[in-house]
Amino acid sequence: MRNRFFAGLLAAALVDPDVVLITADLGYGAVTEFATARPAQFVNAGVAEQNMAGLAAGMAMAGARVFTYSIANFPTLRCLEQIRNDICYHRADVTVVAVGGGLAYGALGMSHHATEDLAIMRALPGMAVAAPGDPMEVSAVLSDLLAAGGPAYLRLGKTGEPTVHQPGLELARGESVALRSGGEIALFTTGAILPNAIRAADLLADHGIHADVRSFPWVDPLDVPAVQDAAGRYATIVTVEEHSIVGGLGSAVAEVLAEMPAAAPLLRIALPAEAHSVVGDQEFLRAAHELDPEAISRRVRTHLEAKRGLARPIR
Amino acid sequence: MNRPLQHVSVATARAVRAHVLRMTHSGRSSHVGSALSCADILAVLHTDVLELDPEHPDWPDRDRFVMSKGHAGAALYAVLAERGFFDPAVLHRHYQNGSYLSGHVSHVGVPGVEVSTGSLGHGLPIGAGLAWRARQTGRSWRTYVLLGDGECDEGSVWESALFAAHHELANLVAIVDYNGLQSLGTTEETLRLEPFAAKWRAFGWQVTEIDGHDHAALAKALAVPRSAEPGRPRCVLAHTVKGKGVSFMENEVLWHYRPPDDAELSRALAEVSA
């Protein structure tokens, strides 16, 4: 994802001198090509995220189209008020980019677990929030960010995520994308956990449960029509995200469903709302928090068995 | 320097002080002392320094001014009205229900306001971004940022101080309204800034210390060439008196909070008009 992002950003910067990349001294190896190819459009702000966010706002007020970059919580939470007041309130064309969303930097410890970012960025006025699920979604989201501008937040995974979609994927801002259809339940997911949701759907099929999968590269604006349509179509909606259960995709979907007169039951699969002291690589931590495909499948089956005979029986 | 121009800036400062007193009185709003402290700085900026076009607030080559000490918003609104960005008659809407003229500076609905502020430590990073962008695009407009002295407790001020010096943003001017008082007491007893000029110099800035109520000194210190050439950014330490112009408000922390009542307004207006 990270490489796809930088390739796309550089391609844009080569034809648009207003595109500016600011890093807060991170991106070893990743920012080099951009910095070398377009030195006049690149700034290393140093280890100073508040200044980075303010700089970005100032540059954007004078016509630049700015991308700020760092890892985990540094470009978001460390300078949250600058994002709120300087970027959002001024509707500055700034996209805040974080690499290592979720538990991608799992072994680095709690400081590097970006597990509340979607909730917090989503709460900011005027902030679009994107968490692409594969490199193709990164390209599609980046195209929109370059065309329509910020304020926006872009949560990336790290590197090496599998490609799920076919090349050429195009998405309007706020548009979700269906990967499977015709099932009786729906798995909604956002971000780099997408392949686990697909694999969980495979496992559910082995148990005779046909699950559609829909990826939400945009958490804000949310694809409300897709959620509303699903509310009357499926026996259950399941959200899957590598994010705290507070305030992320599951919450956004719940907000839509709660205002409908009748809607499918919702199961939110996410990280517990706590700091994670036990470290490990991303796959280890996903499994430890029941976000691996087997656990997702198991949690969905347990939920369906508990609901069976209550709301809407499946089969 | 230019005597007629100073005559104009002195008259502007007098008008700004009177507006500020009426606004804080009718709005029952805080920070009258902060606004009086920087009235001369704002008046000189707007009469002698900033190249702006009130008829075209978005003129691309205008100088940029960032009021980082956003709590003195009344003074900025007043000087913008005096400059002709909008009718001074609307100033009475400051702090009122349904008004855009908030206590802290907001750009929405207020022509001439470049940047919204109110949380301290935001203005200099934004100013550095503006100045960097002017340089990047080869434009000669300048960026001025007015900071409070207490505001310089904020770490973000020093992040951007490092940045501006490293990138040689000679088109950036930081003015510190150095009245020596912050929320609960003096800057010296709260979080010592001195040796303040030496700190800015150590960060790579060119520092001028002046009397922040001396219009000729202000005009001279703030006269920075319009140029995109690199060089040291400039810091003007403007020694001021909080509450300047109203004897019973001067150097009193109380007037960071209290609005003048009817009798105090009359006395204060008489003093600033004298």
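**Reading strands, helices and a chain contact**

Tutor: Strand 3 (residues 65-71) and strand 4 (residues 94-99) of chain A run parallel and are joined by six bridges. Helices (H or I, at least four residues) and strands (E, at least two) are DSSP runs, numbered from the N terminus. This is a predicted model, in which local features need pLDDT of at least 70 and side-chain atom pairs count only at pLDDT 80 or more, while totals for chains, interfaces and linings use all residues. Residues are numbered from 1 along each chain as its sequence is written, with chains lettered from A and ligands numbered from 1 in the order in which they are written.

Student: Which residue is the bridge partner of A:Tyr69 in strand 4 of chain A?

Tutor: The partner of A:Tyr69 there is A:Val97.

Student: In what order do the seven strands of the open sheet in chain A stand?

Tutor: Two strands pair if DSSP finds at least two bridges between them. In chain A the order of the seven strands is 2-1-3-4-6-5-10, with mixed pairing. Strand 2 (42-44) and strand 10 (218-220) of chain A each have a single partner strand and stand at the edges, so one side of each is left without a neighbour in the sheet.

Student: How do I read the angle at which helix 3 of chain A runs to strand 3 of chain A?

Tutor: Axes are lines fitted to C-alpha atoms, for helices over the stretch in contact, and angles run from 0 to 180 degrees between N-to-C directions. Helix 3 of chain A runs at about 165° to strand 3 of chain A, lying across strand 1, strand 3 and strand 4 of chain A.

Student: What does helix 3 of chain A give to the side of chain A that touches chain B?

Tutor: Two residues are in contact if their C-beta atoms, placed from the backbone, lie within 7 Å. The contact takes 21 residues from chain A and 18 residues from chain B. On the side of chain A, helix 3 (49-61) and helix 4 (80-88) give two or more residues, and helix 3 of chain A gives the most, with nine residues.

Student: How are helix 5 and helix 6 of chain B arranged?

Tutor: The axes of helix 5 (residues 123-136) and helix 6 (residues 155-166) of chain B come within 8 Å and cross at roughly 20°. That makes helix 5 of chain B roughly parallel to helix 6 of chain B, a term for angles under 35 degrees.

Terms used:
Angles under 35 degrees count as roughly parallel, over 145 as roughly antiparallel, 65 to 115 as roughly perpendicular and the rest as oblique.
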